[in-house]
Amino acid sequence: MAETVSGTAPGKMLVERTSQTDSTRVQIGEARIGGGGFSFLAGLRKAWNEENIKNLKQTGAACIWAEETDDRNPGEERLSLLTAAGKKAGLPVIASVSSIRALPLLEKADAVLTEGRSMQDYELLRALGRLRKPVILTRNAGSTPEELLMAGEYLLSGGNGQVIFCEQGTRTFSSPTGRSLDLTVALWLRSRTHLPIIVDPGPTVQTEEALSAMILAAAAAGVDGVMFRLGTEGDVPGLSPETFRRTAEHTQALLAALGRPDVPHPDDGRLRESAGAPVAACEQEAEKHTRASTLAV
């Protein structure tokens with residue numbers, strides 16, 4: 001469910017901030033993305049267990065996401081097991097998709113994540129516009145931010161207002177990874193659209209320490225959340241459980257120092273206590289921050 005979706009001005013794109021006064025908060029299960037809070041979306045590698053998921057919940061993750069599932073991949077059973085484990089722990093599950101044929105496999109998922117190359121798959125975009133699930137739309141490293149907004153417009157025009165934009169870096173020759181996370185792109189998107197903006201720094205860094213640092217930088221920049229991978233194995237750097245715990249603690253301290261509230265997960269009592277205020281008060285502060293940010297743009 002997406003909140004605060006209002007009428008649009010004639011001739012305006014549905015994704016544009018000029019078409020809607022308030023920032024949109026997208027509901028994924030019990031997690032709310034956007035509206036002034038900061039969310040951790042944890043990606044699980046092929047090796048995971050229920051204890052991993054339970055610890056992620058306790059540490060402050062808002063959602064978990066699974067690797068790509070398509071019609072050639074026997075991932076349906078794995079996704080079923082993951083959604084069952086997520087439900088047990090109280091964490092909604094996001095499933096990756098790269099083909100329109102894979103959509104029926106994702107019925108049990110709480111939300112859908114697209115790859116960057118899917119920005120030009122208009123058949124898939126139209127299908128996602130008809131889907132009544134939140135969609136995280138990732139920018140292709142070789143596409144412009146304007147093209148990402150246009151891809152999002154396909155979804156909103158199809159009736160799906162539950163869209164989150166994800167910035168995953170720009171193709172470059174100045175980085176050993178071949179891409180660089182330019183936070184000014186995320187800030188430009190935030191100034192242009194009322195929809196939530198998150199970043200995925202993993203593909204742009206080479207070490208766990210760099211990933212942790214980029215997460216803190218993203219939080220300071222004012223985005224709505226970050227995606228990361230749990231575990232240090234694999235081609236894309238991730239965070240170990242201990243590093244994620246420290247990064248989450250540092251992020252909360254940073255947000256508090258900046259006067260930006262961290263809206264906790266509604267079922268996480270420890271995070272609610274650490275926020276120093278009831279959930280309702282946090283939400284009121286989040287709305288104040290959102291209004292102030294909108295006026296400043």
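# Close-up views of a predicted model

**View 1. Helices α4 and α5 pack at an angle of about 45 degrees.** Helix α4 covers residues 145–157, and helix α5 covers residues 183–192. Their axes lie 10 Å apart. The angle makes α4 oblique to α5. The crossing of these two helices, α4 and α5, is right-handed. From α4, the residues that meet α5 are Pro-145, Glu-146, Leu-148 and Leu-149. From α5, the partners are Val-185, Trp-188, Leu-189 and Arg-192. Sorted by class, the contact of α4 with α5 has six nonpolar residues, two charged residues and no polar ones. Like every view here, this one shows a predicted model.

**View 2. Helix α3 crosses α4 at roughly 45 degrees.** Helix α3 runs over residues 122–130. The axes of α3 and α4 come within 6 Å. The two helices, α3 and α4, are therefore oblique to each other. The crossing of α3 and α4 is right-handed. On the α3 side, the contact is made by Tyr-122, Leu-125, Arg-126, Leu-128 and Gly-129. On the α4 side, Ala-151, Tyr-154 and Leu-155 take part. What classes of residue make up the contact of α3 with α4? Six are nonpolar, one is polar and one is charged.

**View 3. Helices α1 and α2 cross at roughly 40 degrees.** Helix α1 spans residues 50–59, and helix α2 spans residues 76–89. Their axes come within 9 Å. At this angle α1 is oblique to α2. The crossing of α1 and α2 is right-handed. Glu-50, Ile-53, Lys-54 and Lys-57 are the α1 residues in the contact. They meet Leu-82, Ala-85, Gly-86, Lys-88 and Ala-89 of α2. By class, the contact of α1 with α2 has four nonpolar residues, four charged residues and one polar residue.

**View 4. Leu-82 sits in helix α2.** Is Leu-82 buried or exposed? Leu-82 is buried, because its relative accessible area is 0%, and buried means under 20%. Which residues does Leu-82 touch, leaving out those up to four places away in sequence? Leu-82 touches Leu-44, Trp-48, Ile-53, Ile-64, Ala-66 and Val-93. One of these, Ile-53, also belongs to the α1 side of the contact with α2. Now look along the chain to Pro-92. Leu-82 and Pro-92 are 10 residues apart in sequence. In space they are 9.7 Å apart, C-alpha to C-alpha.

**View 5. Gly-37 lies in the loop between β2 and β3.** Strand β2 covers 31–33, and strand β3 covers 39–44. Gly-37 has a relative accessible area of 6%, so Gly-37 is buried. Where does the chain bring Arg-260, relative to Gly-37? Gly-37 and Arg-260 are 7.8 Å apart in space, C-alpha to C-alpha. In sequence, these two residues are 223 residues apart.

**View 6. Arg-245 belongs to helix α7.** Helix α7 takes in residues 241–257. Arg-245 has 32% relative accessibility, so Arg-245 counts as partly exposed. Now compare Arg-245 with Ala-61. They are 184 residues apart in sequence. Their C-alpha atoms are 9.8 Å apart in space.

**View 7. Cys-63 and Cys-166 are both buried.** Cys-63 has a relative accessible area of 0%. Cys-166 also counts as buried, at 0% relative accessibility. How many disulfides does a search of the whole structure find? The search finds zero.

View 8. The protein has 297 residues, and buried residues make up 52% of them. Consider the contacts between residues at least 6 apart in sequence. Of these contacts, 66% join residues at least 24 apart.

Notes
Residues are numbered from 1 along each chain as its sequence is written. This is a predicted model: local features need pLDDT of at least 70, side-chain atom pairs count only at pLDDT 80 or more; totals for chains, interfaces and linings use all residues. Side-chain values use heavy atoms; hydrogens and water are left out. Axes are lines fitted to C-alpha atoms, for helices over the stretch in contact, and angles run from 0 to 180 degrees between N-to-C directions. Helices (H or I, at least four residues) and strands (E, at least two) are DSSP runs, numbered from the N terminus. Angles under 35 degrees count as roughly parallel, over 145 as roughly antiparallel, 65 to 115 as roughly perpendicular and the rest as oblique. A crossing is left-handed if the near helix is turned anticlockwise from the far one by less than a right angle, and right-handed if clockwise. Contact means heavy atoms within 4.5 Å. Ala, Val, Leu, Ile, Met, Phe, Trp, Tyr, Cys and Pro count as nonpolar, Asp, Glu, Lys and Arg as charged, and the others, Gly among them, as polar. A disulfide is a pair of cysteine sulfur atoms within 2.5 Å. Buried means under 20% relative accessible area, exposed over 50%, partly exposed in between (1.4 Å probe, protein chains only).
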